[in-house]
Every structure is written in C-alpha cells, then in structure tokens.
Amino acid sequence: MDPLGLCLDPIASSMNHSCDPNVSVVFDGPRLVVQALRPIKKDDELFISYVDATWPYERRQAELHDRYFFDCACSACVKGPTGHTDIFLDERSSRNPCDVEQSVLELMSQARPSEGTASLSLLLEALRKCEETKIWPSHRQPLPEIRRELFLQHIKSEHWAKALQQGLYLYFFVYPILHPQPFHPTRVIHVWTMAKIALYIASEGDDSVKSSLGVASLDLKIVVLGLLLEAEDNVKRSHGEDTRFAKVVHKKAEEIKLSLSQGEDPVIMKLQIPQQWELLRQLALRGEKEFT
Ligand SMILES: [Zn+2]
C-alpha cells in the first residue's frame with residue numbers, strides 16, 4: 001500500500017479504517033497478507049489502520065484529515081483524547097506536556113537527517129525531556145518512537161550492547177502495551193531483529209560487547225534460542241505460515257537449535273529461558289548512559 005493508502009486489490013480496498021483495527025496487513029513480496037488481530041465473526045467488517053494508530057488522538061485526526069480527507073469517528077476516536085494513547089501519568093501536573101511534546105518533535109525531526117553521534121545525542125535529549133516530566137508513560141508517543149529510532153541508530157552505528165538494551169526496553173515495557181497481541185507484526189519483527197543482534201553478539205570473537213552488557217550470568221545462547229522460539233511461535237499468525245518471512249524464521253530457528261544444542265540437552269536449555277528473561281528485564285531497565 002502506498003502512503004496514500006491506494007490499493008488495487010479488490011478485497012483489500014474494501015477494508016475501512018479504524019484506529020483500533022481488527023486486522024493487520026503485511027506484504028509478502030507483491031502479495032498482501034491480511035491477518036486477524038482478534039476473533040472476527042462472520043459478516044463483521046474488517047478494519048485496517050491507514051495511519052500509525054499508536055499516536056495520540058489529535059495527531060491521528062490531523063493525519064487522517066490531511067492525507068485521507070475524513071474526520072475519523074472510529075471506536076477509539078469517539079472517546080476523544082482519553083485513551084491510553086493520550087493520557088499522562090498525572091493529568092494535574094504543573095508541567096505542560098504539550099510544550100514538551102513540541103520541542104521533542106522538533107528534536108526528532110532534526111535527528112532524522114543526521115547520522116551517528118549527532119543523531120544519537122538529539123534523540124537522547126528528546127528522551128531526557130520526556131522523562132524529566134515524570135508523567136510521561138513509556139508507551140505514550142513520541143517516547144516509543146524516540147526509543148525505536150535510538151534502537152535503529154545504535155544498530156546502524158554497530159553499538160550492539162546499546163541496541164540490545166534499547167530493543168529490550170521496547171520488548172518488555174512498550175510494545176506489549178501498544179500492541180497487546182504477541183503475534184502483532186511489529187512485535188514479531190522486533191523479536192526477530194533482537195534475535196539477530198543477540199546472535200551476532202554471541203558469535204563475536206571479541207568479548208568486549210558481551211562484557212559491556214555487565215550481566216555476568218547472561219547466557220546469550222539461551223537468549224537467542226528463546227527469541228527465535230518466540231518468533232517461530234508467532235510468525236504464523238503475524239505473517240502467515242507460507243510467507244517468505246516465516247520460512248526464513250523457521251530455517252534460521254532450525255539451524256540455531258541444531259548448532260546450539262550440540263552437546264547440550266535442548267529440553268534443559270529451554271528450561272533456562274525464564275531465568276534468562278529475568279536478567280534481560282533487568283538489562284532493559286538500566287540507563288542508556290551506563291553502556292559504552
Ligand atoms: Zn480513529
């Protein structure tokens with residue numbers, strides 16, 4: 001689908017917009033794959049979201065009005081700016097979140113065309129401004145977008161430990177709220193990306209990245225296994241079993257299971273996943289500046 005939402009597929013083009021969609025859409029090469037996000041009864045209307053529905057009410061309304069020429073009155077928008085996309089932790093705070101939001105959006109637009117350190121420092125400044133308000137929930141935009149851009153910028157800059165830590169924060173504390181379904185395409189792609197980062201760190205000859213994570217008992221082999229199993233479990237419902245992405249995930253998961261379990265009992269390895277997840281959660285909570 002292009003940015004204007006034009007689509008020549010007769011079934012896809014019959015789908016209406018909702019900021020609380022009941023289906024997701026992904027591409028498998030030229031093929032459009034539509035997957036249910038929740039149970040859908042016969043004759044129920046299918047809704048996709050034409051915009052990023054994780055943003056606050058005003059922003060969604062403006063974007064839909066400017067790009068698609070309608071005022072959205074979906075089940076989320078009829079409630080106005082009262083949903084989880086909008087509210088702050090304390091609405092009575094003396095700080096004005098609208099002023100902060102404006103300056104944060106400006107920092108983000110300066111960060112986008114920048115590269116490396118310049119982009120990172122602008123994004124970190126934006127993150128700091130949101131967090132200083134002390135009323136900004138971790139799932140309230142633009143905070144998740146700042147973290148996602150930091151995650152991508154750390155990957156580009158090959159800061160693997162920081163990329164993993166930022167990715168883990170999104171994994172534990174942001175995406176489960178923005179996308180409650182573990183099989184939401186955004187979450188499955190994120191899990192897959194983190195599996196690749198963890199695999200890269202685990203297979204690096206240089207131990208400095210591993211030691212900079214600072215969690216001595218972290219076993220990256222188990223982490224890779226856990227992330228791949230999670231991606232494998234959910235890809236059927238996020239993308240469809242016969243898609244190219246699902247096939248790549250299954251192939252990699254099989255390869256890794258085989259190579260990791262040589263000499264080790266795969267059942268025992270799986271039993272270690274919950275303990276490793278507790279360590280990952282602690283890693284996610286540690287501040288950005290701790291990593292070098
Ligand atoms: Zn709406």
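Predicted model: local features only at pLDDT ≥ 70, side-chain atom pairs only at ≥ 80, totals over all residues.

Guide: Start inside. Beyond its neighbours within four places in sequence, Leu227 is in contact with Val191, Met194, Ala195 and Ala198.

Visitor: Which residues form part of the second, separate core?

Guide: That core has six residues, including Cys19, Tyr50, Leu64 and Cys72.

Visitor: And the largest nonpolar core: which of its residues touch the most other members?

Guide: Leu164, Ala195, Ala198, Val224, Leu227 and Ala231 do, out of 50 residues. Several helices each supply at least two residues of this core, among them helix 2 (97-111), helix 6 (185-203), helix 8 (220-238) and helix 9 (244-260). Helix 5 gives the most, with 11 residues.

Visitor: Why are helix 5 and helix 11 called roughly perpendicular?

Guide: Helix 5 (residues 160-178) and helix 11 (residues 273-285) pack at about 110°, with their axes 8 Å apart. The range for roughly perpendicular is 65 to 115 degrees. The angle falls inside that range, so the two helices are roughly perpendicular. Their crossing is left-handed.

Visitor: Which residues make that contact?

Guide: Helix 5 brings Gln165, Leu168, Tyr169, Phe172 and Phe173. Helix 11 brings Leu280, Arg281, Leu283 and Ala284. By class, the contact of helix 5 with helix 11 has seven nonpolar, one polar and one charged.

Visitor: What makes helix 3 roughly antiparallel to helix 4?

Guide: Helix 3 and helix 4 pack at an angle of about 155°, and their axes are 10 Å apart. Angles over 145 degrees count as roughly antiparallel. The value is past that cut-off, so helix 3 is roughly antiparallel to helix 4. The crossing is left-handed here too. Helix 3 contributes Ser119, Leu120, Leu123, Ala126, Leu127 and Cys130 to the contact, and helix 4 contributes Leu143, Ile146, Glu149, Leu150 and Gln153. The classes are eight nonpolar, two polar and one charged.

Visitor: How do you know that helix 4 is roughly antiparallel to helix 5?

Guide: Their axes come within 9 Å and cross at roughly 150°. The cut-off is again over 145 degrees. That makes helix 4 roughly antiparallel to helix 5. Helix 4 passes helix 5 in a left-handed crossing. The residues of this contact divide into nine nonpolar, three polar and three charged.

Visitor: Why is Lys42 called exposed?

Guide: Lys42 is in the loop between strand 3 (31-36) and strand 4 (47-48). Lys42 has 4, so it counts as exposed. Its C-alpha atom is separated by 24 Å from that of His179, 137 residues apart along the chain.

Visitor: What about Asp43: buried or exposed?

Guide: Asp43 has 5 other C-beta atoms within 10 Å, so it is exposed. Asp43 also lies in the loop between strand 3 and strand 4. Its phi is near 75°, a positive value in a residue other than glycine.

Visitor: What makes Glu158 exposed?

Guide: Glu158 has 10 C-beta neighbours inside 10 Å. The limit is 12 or fewer. Glu158 therefore counts as exposed. It sits in the loop between helix 4 and helix 5.

Visitor: Which peptide bond is cis?

Guide: The bond from Gln141 to Pro142 is cis, with omega near 5°. Pro142 lies in the loop between helix 3 and helix 4.

Terms used. Residues numbered from 1 in each chain as written. Axes fitted to C-alpha atoms, helices over the stretch in contact; angles between N-to-C directions. Helix = DSSP H or I, 4+ residues; strand = E, 2+ residues; numbered from the N terminus. Parallel < 35°, antiparallel > 145°, perpendicular 65-115°, else oblique. Left-handed = near helix turned anticlockwise from the far one by under 90°. Contact = placed C-beta atoms within 7 Å. Nonpolar A, V, L, I, M, F, W, Y, C, P; charged D, E, K, R; others polar. Core = buried A, V, L, I, M, F, W, Y, C linked by C-beta atoms within 7 Å. Buried ≥ 20, exposed ≤ 12 C-beta atoms within 10 Å, placed from the backbone.
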